[in-house]
Amino acid sequence: MKRLISALAVIAAVLSFTSCEKDSENSIVGTWYATTAEISMDGVKMEVDISERGGDIEFTFKKDGTGYITTYDDEGSETSNFTFSAIGDILKLTYDGETEICTFSVKGDYMTITFEENIEGEVALVVLHLEKQ
């Protein structure tokens with residue numbers, strides 16, 4: 001009986017992990033428009049309204065684990081392709097041969113992506129706020 005309970009516990013754990021992975025990836029599928037960013041560097045935190053800075057950023061995540069990011073500014077637009085995987089609150093993006101590991105959360109039509117960025121030789125923590133289109 002103890003073996004049966006242990007086996008069921010292992011199966012339940014594996015199934016819940018698999019379910020979390022699918023739920024995480026499914027929750028971000030779609031097109032997301034970046035609205036604001038919070039940048040923290042050297043103890044200073046500032047909020048940036050992305051559209052007021054002269055540009056827009058749009059992320060599209062597809063069910064097949066691919067996607068693209070399009071940036072818009074006064075001179076036009078530029079699109080870059082990426083692949084991704086999402087497990088729990090970890091988002092792994094691979095583009096231009098490099099992989100970025102971020103954390104993310106989705107609540108309804110709003111998502112945040114948190115990552116570190118090198119800005120003028122300093123490491124900054126960036127929290128990007130997005131809204132689903």
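Read along the sequence, the protein follows the pattern α-β-β-β-β-β-β-β-β-β, which comes to one helix and nine strands. Helices (H or I, at least four residues) and strands (E, at least two) are DSSP runs, numbered from the N terminus. This is a predicted model, in which local features need pLDDT of at least 70 and side-chain atom pairs count only at pLDDT 80 or more, while totals for chains, interfaces and linings use all residues. Residues are numbered from 1 along each chain as its sequence is written, and side-chain values use heavy atoms, with hydrogens and water left out.

**Confidence**

- The mean pLDDT of the protein is 83, and 80% of its residues reach 70 or more; pLDDT is the predictor's confidence in each residue, from 0 to 100.
- Over residues 1-22 the pLDDT is below 50, and this stretch has four contacts in the model beyond near neighbours in sequence. A contact means heavy atoms within 4.5 Å.

**The protein as a whole**

- Of the 133 residues in the protein, 26% are buried. Buried means under 20% relative accessible area, exposed means over 50%, and partly exposed lies in between (1.4 Å probe, protein chains only).
- The accessible surface comes to about 8900 Å², and 53% of this surface belongs to carbon and sulfur atoms. Accessible areas come from the Shrake-Rupley method with a 1.4 Å probe, and for residues only the protein chains shown count as cover.
- Among contacts with a separation of 6 or more, 37% are between residues 24 or more positions apart.

**Aromatic rings**

- The structure holds four aromatic pairs. Rings of Phe, Tyr and Trp (its six-membered ring) pair if their centres lie within 6.5 Å; planes under 30 degrees apart count as stacked, over 60 as edge-to-face and the rest as tilted.
- The ring centres of phenylalanine 59 and phenylalanine 61 are 6.1 Å apart and the planes are at 5°, so this pair is stacked.
- For phenylalanine 82 and phenylalanine 84, the centres are 6.4 Å apart and the planes are at 65°, so this pair is edge-to-face.
- Phe59, Phe61, Phe82 and Phe84 form one aromatic cluster. Phenylalanine 59 and phenylalanine 61 are both buried, as are phenylalanine 82 and phenylalanine 84.

**Threonine 60**

- Threonine 60 is found in strand E3 (residues 55-61) and counts as buried, at 9% relative accessibility.
- The side chains of threonine 60 and threonine 31 are joined by a polar contact of 3.1 Å. A polar contact is a pair of N or O atoms within 3.5 Å; within protein, one must be able to donate a hydrogen and the other to accept it, and residues adjacent in sequence count only if both atoms are side-chain atoms.
- Leaving aside neighbours within four places in sequence, the residues in contact with threonine 60 include Thr31, Tyr68 and Phe82.

**Two aspartates in loops**

- Aspartate 42 is in the loop between strand E1 (30-41) and strand E2 (44-49). Its phi is near 55°, a positive value in a residue other than glycine, and aspartate 42 is exposed, with a relative accessible area of 63%.
- Aspartate 96 lies in the loop between strand E6 (90-95) and strand E7 (98-107). Although not a glycine, aspartate 96 has a positive phi of about 50°, and with a relative accessible area of 68% it is exposed.

**Leucine 125**

- Leucine 125 is found in strand E9 (residues 122-132) and counts as partly exposed, at 40% relative accessibility.
- Leucine 125 and phenylalanine 115 are ten residues apart in sequence and 6.0 Å apart in space, C-alpha to C-alpha.
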